[in-house]
Amino acid sequence: MLHAVLNGEPAARAKPRLREVIAEHDEWLRGRRFLMVPYHLVGAANLDEALLGGCVRAVREQHPNAPTPTVFRSDAMLADARRMREQLGDDAFVRLLPADGPSGAADDDDDDDELQVIGAGGAWTAAELDEAFAAPAGDARRERLESALLTGPMRSYAESARGDAAKYVPLENGLAAISRHARSLEYDGMVLFLDELVLWLQAHMRDRTFVNSEIQKLVKLIESGDADRPVPIVSFISRQRDLSQLVGSDVLGADVKAMEQALEYLNERFDTVDLEDRNLPEIIKERVLKPLPGKDAVLEAEFAKIDRTGQQVKDILLDGSGATQADWTDFRAVYPLSPALLNVLVALSGALQRERTGLKLVQQLLERNADAAVGRLIPLGDLWDVLVDGTGAAFTDKLKRESEAAVKFAAKARAHLLEKYGSDTHADFQADERFVKTMLLGALAPDVPALRRLTGARLAALNHGSVRSRTVPAGDVVVRRMRDLQAAFPSEIRSDGEADPVFSLHLSDLDIEPLLDAVAEEDKAGVRRVWLRDRLWEAIGVRDGQFVAEKEIVWRGTRRVAEFVFGNVRDRVDLPDEQFTPATAGNVRFVVDYPFDDGDHYPSDDYHRVEELRKSGVTAPTLVWLTDFFSDQRRAQLGRLMRITFLLERDRLADYTGTFPPDDRAKVRRQLEVARDTLTDQLTGALAEVYGLARPTDANPGPEVPDGRHVLSLQPEFAQPREEGGKGFEANVLHLADGMFSALYPKHPDFGTDRTGQRKAVTPGELRTALEWITRAMDEGGRANNVDSHHLRTVKRIVEPLELGTVHDGPLVMRSDWRTRVNQVAAGHQQRGDLDVEDIRSWITKDLGYAGLDRLTGNLLIAAYALLDDRAWVLRGGPEREAPALQEIGPGWSLRAQPLPSDEEYAAARDRAARLFGVTAKPALYARNVNRLAEDLRSRAEAWERNVAGVRASLDRHAALLGLDEPGAPVPCSCGRRPGCWPGSPGTAATPPRWCGSWLPSPRTPASGT
């Protein structure tokens, strides 16, 4: 554009926003001629060669008949010319030299294309040649001869000097020569365009002396010891951006800092024209994007669709924190490009490209999408192709290595997707490849805001329109696609998180495939089965026993055991019929199939084996868990994992990488470890899919079980088990075991969960606590008014499910249901006398249907029945004063019914016991209360009897002294009616002591003791 303005191009002068600027300077611009020389510094040996050699090339291109500027070190050339003159003679030598060329103006107006005869006009004489050969450097006569030689017989000397800095004069002298030459061509000024300066210097950063020397030369564009410049030289230097922004913090060091300081030194001597990244949308709109006639309305309508998308998509595409700092108006200006795409372009174009500008890349990107539908937003992934099409190269070794590794991975991913989809025109192929390319861009520019945290939703938004789904969010579709890619490339594609994973790409120039090929024979079917079993047992929480794997589970508050067997269900050798029955009565068994098979077999074969077992009459609390087969991709993953695991175990990797450098060995180990972890996660997730617990994500799934029936039962009462999708293996095992036990024991009480809502079995101690409070309640007439607060939840958890009583905020109220049930069953079995506890246990299980109770819970019911029916405990026919401990109830114990006094008799006995002996008794008329009252009275009477007998013996010894009757003389009772009634009659075991009622003290008079 500057070239057009300085040359007075009418189109440039007519531009609305340039017209005002040009008008301010039109007075000195009009009629002026400028020699404009562009310099692309990449590949130049030094600034001398770039600037001076570039000027020679520009003059020859624009003025092919004009003399060549004298910017070369000509001593050698003149020596060669002198020898040529001696050999040819003056006349022949002069004929080789061209005549003094016409002016630049004449060249510009010369339309004659006919070749001119070299030397025509006889411009040189022998004397002039002698003077020119003898003149010192810088003399006009010498320069005239040098120019003639370079234009004529030694033209190739200038060509051979390209790239050879030593053949040029010092830069300040060369610039003066260029200025004089421009004046000879009737120019009013020179304009030098130095492009890619910073990038060129960066390529030489390791040579600090060279870089500092070249930076100092730039000062000579303004300040020079040779001030002979007839026309001014104006220089435009493209700095791109700060070096630290270009190469990143990993490259910065003392040398780079020194170069930055030198560039800052130049800033004081150059005027700065800022072209900020945020100006890019406006520049693209003016220079690249021009709607076709009549298409403005179409573009507006298409952009309105973007405006109607979700706010998350709009924010991602806008990328407001990016380099361009674009707003919604800027987005409309660059549509069908997105600000996010431009921000990535700004970050990567300078680092990865030497030959093309960012605008050129935009133009090529648009050309590649020329056949797209009108208004379609260009996906970010398409930027990859124009960045790495082979026309440029990265500027740092690090970026070069990374970009080369990225290109290799892109080729691997493309080959994989072609194999998967069959054609590069498949819509899913194009979408997946764009996701890969977006991640490649993210790997090369991780600090670009648009490429941070590449979730499925972000990948979908950055490549808007690549995924179309009416029912599933685009982000979820992308996550599934990325999971598939991660499965194919576990060491390169990684993810962080489960619900909304963040995907990243890790590139390496080390190839681990030869290592995996070397251990291919270690991928064996047995090793695969062991790995799968271990993963399943880990997911279920199984402990591998000596004979059978087991897992203790809690069902309805009681401890149970589930057995597990892993094998090929269809194979009668691997799994005989006996393996489909639990090893221990009361357990349930899970027979788990594995997701592949040898030969021409399918999941239907496993299904038919289970059906045959059912038809043959096999009945057992066994659940057979069938599985879909792994897809080809999953089997390949599993084989790859087996080889990786083999290398990493027992430090085998050291044997296979012994010739690697230490750093490479560490990198290889890390790659393999990441691949192992990724594959493990992928295959563990795939297990949930093939066992029916998660929705399949494989694009090409393997053979499936018939009708989707993954779990089959050999127990008729539980004929239709169903796994719970969306839940894990352990939760499903508990769910299926719950169903089996519930079908087997439908009337089993449910003790619920603990205080935290977790499954927790009722402990023996909690059962004993419940029995203690049941006993207290029965002692108080069937109601315990104040259950301790710390026991309240425990008692309620046990008593209510067992239907023994109800627990409110404090009281425990007993129920008599179990007394009625057991007595009815006993009557049905014609049991009238003592009831054996094992008979009662059997009645509870078989007659009443409460099967599946563990022994202690059954003991609690038996003990509660004894309390409810007021029966005494008998051990092997002999009565026991105390009830046995809960865990001791078992064979040999019986329950005996006892005769009881009437309510009135028991009330009178309690009253007399209290008044005569100070013994209290519980008011409820139960055998245990009557027995306890008798025991307490007997104990108190025996103690008193010993005291009375001691007093009498003492009186007998001192009777004479005290004037008492002789010992043994009868003493009549004061009642006068019962002469044999003695107050202290001891009685016998068969005949209780008799007490005269007149001897007893009245309620109002304390007993005298006589």
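**Entry 1. The nonpolar patch**

Helices here are DSSP runs of at least four residues, numbered from the N terminus. I note at the outset that the model is predicted. With that definition I looked up which helices supply the nonpolar patch: helix H40 (927-957) and helix H41 (959-962) each give at least two of its residues. The patch lies on the surface and is formed by Val 951, Leu 955, Leu 961, Leu 962 and Leu 964. Together these residues have about 490 Å² of accessible area. I then checked Leu 961, which is found in helix H41. Its relative accessibility is 71%, so I recorded Leu 961 as exposed, the cut-off for that word being over 50%.

**Entry 2. Strands S7 and S8**

Is strand S7 (residues 549-555) largely enclosed or largely open? I found that five of its seven residues are buried, so the rest of the structure largely encloses S7. I next looked up its pairing. Strand S8 (residues 558-566) runs antiparallel to S7, and seven bridges join the two. As one example, I noted that Glu 552 has Val 561 of S8 as its bridge partner. The hairpin of S7 and S8 has two residues between the strands, and there Arg 556 takes a positive phi near 50°.

**Entry 3. Helix H37**

I listed the buried residues of helix H37 (residues 837-847): Val 837, Ile 840, Arg 841, Trp 843 and Ile 844. Viewed down the axis of H37, these buried residues fall within an arc of 160°, so they line one face of the helix. I also asked what the buried residues of H37 pack against. The helices are H36 (817-828) and H38 (855-868), and the strands are S15 (835-836), S16 (871-875) and S18 (893-897).

**Entry 4. Backbone angles in loops**

I kept a general rule in view: most residues other than glycine have a negative phi, and most peptide bonds are trans. I then recorded cases that depart from it.

- Asp 651, which is not a glycine, has a positive phi of about 55°. I located Asp 651 in the loop between helix H30 (632-648) and helix H31 (653-656). Asp 651 counts as partly exposed because its relative accessibility is 47%.
- Glu 803 has a positive phi near 60°. I found Glu 803 in the loop between helix H35 (789-799) and strand S13 (805-807). With a relative accessible area of 23%, Glu 803 is partly exposed.
- The peptide bond from Tyr 335 to Pro 336 is cis, with omega near 20°. I placed Pro 336 in the loop between helix H19 (328-334) and helix H20 (339-352).

How values were computed
Residues are numbered from 1 along each chain as its sequence is written. This is a predicted model: local features need pLDDT of at least 70, side-chain atom pairs count only at pLDDT 80 or more; totals for chains, interfaces and linings use all residues. Side-chain values use heavy atoms; hydrogens and water are left out. Buried means under 20% relative accessible area, exposed over 50%, partly exposed in between (1.4 Å probe, protein chains only). Two strands pair if DSSP finds at least two bridges between them. Patches are made of residues with over 30% relative accessible area and no salt bridge: like charges are joined within 9 Å, nonpolar side chains (Val, Leu, Ile, Met, Phe, Trp, Tyr) within 5 Å. Accessible areas come from the Shrake-Rupley method with a 1.4 Å probe; for residues, only the protein chains shown count as cover. A salt bridge is a side-chain nitrogen of Lys or Arg within 4 Å of a carboxyl oxygen of Asp or Glu. The arc is that of the directions from the helix axis to the C-beta atoms. Contact means heavy atoms within 4.5 Å.
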